[in-house]
Amino acid sequence: MSKATRATRALEQAGVAFTVHVYDYDPDADRIGLQAAEAIGETPDRVLKTLMTLVDGKPACVIVPSDREISMKKLAAALGGKAAQMMKPADAERITGYKVGGISPFGQTRRVPVVIEAAALAHALVYLNGGQRGLQVRLKPQDAAAALGAVAAPVVA
């Protein structure tokens with residue numbers, strides 16, 4: 001497994017300090033984010049999942065703790081929209097350039113609006129997907145939000 005991905009290169013180019021953490025990815029896990037948290041020995045609220053959505057039909061990325069679900073109503077409101085829904089996996093892969101289970105908010109092939117759960121900013125460090133299955137990057141959530149130009153908002157259900 002390569003530890004250099006588009007995501008890690010994007011973080012380096014942005015001057016963001018991060019560490020790389022490799023784990024055994026389980027493709028059969030019911031909830032990929034929770035499996036990642038367990039595999040790296042971290043609490044689910046600090047291991048954030050990257051989900052691709054549509055807000056008023058336009059692509060958007062949302063980052064929430066791996067043990068929480070998105071409130072579509074709150075997500076739409078955070079981006080000034082009326083309605084939100086999950087993106088189909090094939091569309092998420094096409095827009096991000098990453099495989100499902102390895103979608104990172106960093107280094108996506110197409111820049112889309114990003115929302116990060118406001119509560120995640122309370123942690124000193126969080127984990128996010130590093131651009132491939134079984135690869136997480138640990139960094140300050142404020143640095144992640146700044147690098148992504150993310151909107152911080154309460155979007156969990």
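Leaving aside its neighbours within four places in sequence, which residues is L128 in contact with? Select L128 and look around: you'll find L48, T50, I63, P105, F106, L135, Q136, V137, L139 and A144, where contact means heavy atoms within 4.5 Å.

Before moving on, know that this is a predicted model, in which local features need pLDDT of at least 70, side-chain atom pairs count only at pLDDT 80 or more, and totals for chains, interfaces and linings use all residues. Residues are numbered from 1 along each chain as its sequence is written, and side-chain values use heavy atoms, with hydrogens and water left out.

Next, select M52, I63, F106, L128 and L139. Within the largest nonpolar core, which has 26 residues, these touch the most other members. (A nonpolar core is a set of buried Ala, Val, Leu, Ile, Met, Phe, Trp, Tyr and Cys residues joined through side-chain atoms within 4.5 Å; buried means under 20% relative accessible area, exposed over 50%, with a 1.4 Å probe and protein chains only.) Elements giving two or more residues to this core include helix 1 (6–13), strand 2 (48–55) and helix 5 (141–148). Helix 5 gives the largest share, 3 residues. Helices (H or I, at least four residues) and strands (E, at least two) are DSSP runs, numbered from the N terminus.

Now pick V64, L75, A153 and V156: they're among the 12 residues of a second, separate core.

Last stop, helix 4. Its buried residues are A92, I95 and T96. They sit on the same side of helix 4 because they cover an arc of only 85° around the axis, taken from the directions from the helix axis to the C-beta atoms. Their cover includes helix 1, strand 2 and strand 3.
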